[in-house]
Amino acid sequence: KADKAALGSKVSCTQFESSMERLEERMQKMQSQVSGQNQHWNKVQQQLSDEMENKLDRQEMKAFHKQMRETWQSTIEELKKKMAERDGAAGMRKQLPVPFTCLSCDRMVKTQVPG
């Protein structure tokens with residue numbers, strides 16, 4: 001004797017097969033998407049690898065840093081020399097402003113300017 005309620009919950013073979021076919025199609029789509037993403041990932045990874053090969057390594061950076069430091073030091077020394085030449089005796093020959101004023105009371109002071 002078959003129970004009618006149990007019979008209603010059973011799935012027919014044709015429904016089961018059509019559901020399995022749809023499931024398999026979805027799985028194939030997902031597999032192709034994953035495969036495409038995997039190919040894209042490999043391509044990006046290759047590009048990164050190529051970029052890293054074109055970058056400077058630590059030894060090259062150390063040499064570049066040393067060269068930059070030497071250039072910087074020589075430029076600073078040249079500027080110091082130019083400043084020393086500029087601040088020499090020629091800098092002292094400037095005319096001093098006359099008349100002078102007192103710093104505390106702002107009164108006019110008469111003095112002789114040397115030279």
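How many of the 115 residues of the protein chain count as buried? The share is 0%, with buried meaning under 20% relative accessible area, exposed over 50%, and partly exposed in between (1.4 Å probe, protein chains only).

Before going on, keep in mind that this is a predicted model, where local features need pLDDT of at least 70, side-chain atom pairs count only at pLDDT 80 or more, and totals for chains, interfaces and linings use all residues. Residues are numbered from 1 along each chain as its sequence is written, and side-chain values use heavy atoms, leaving out hydrogens and water.

Let's walk the chain. From the N terminus, the order is α-α-α-α-β-β, which comes to four helices and two strands; these are DSSP runs (helices H or I, at least four residues; strands E, at least two). As for confidence, pLDDT goes from 0 to 100. The chain's mean is 78, and 75% of its residues reach 70 or more. Helix H2 scores highest at 88, while H4 (residues 89-92) is lowest with a mean of 50. Where pLDDT is low, the predicted coordinates should not be read in detail.

Now the surface. The protein chain exposes about 12000 Å², 56% of it from carbon and sulfur atoms (Shrake-Rupley, 1.4 Å probe). Patches take residues with over 30% relative accessible area and no salt bridge, joining like charges within 9 Å and nonpolar side chains within 5 Å. One nonpolar patch consists of Phe16, Met20, Leu23, Met27 and Met30, totalling about 520 Å² of accessible area; Met30 sits in helix H2. Glu17, Glu21, Glu24 and Glu25 make up a negative patch. Of these, Glu21 belongs to helix H2 (residues 13-54) and is exposed, at 51% relative accessible area.

Methods:
A salt bridge is a side-chain nitrogen of Lys or Arg within 4 Å of a carboxyl oxygen of Asp or Glu. Lys and Arg count as positive and Asp and Glu as negative; His and the chain ends are not counted. The place of a charge is taken as NZ of Lys, CZ of Arg, CG of Asp or CD of Glu. pLDDT is the predictor's confidence in each residue, from 0 to 100.
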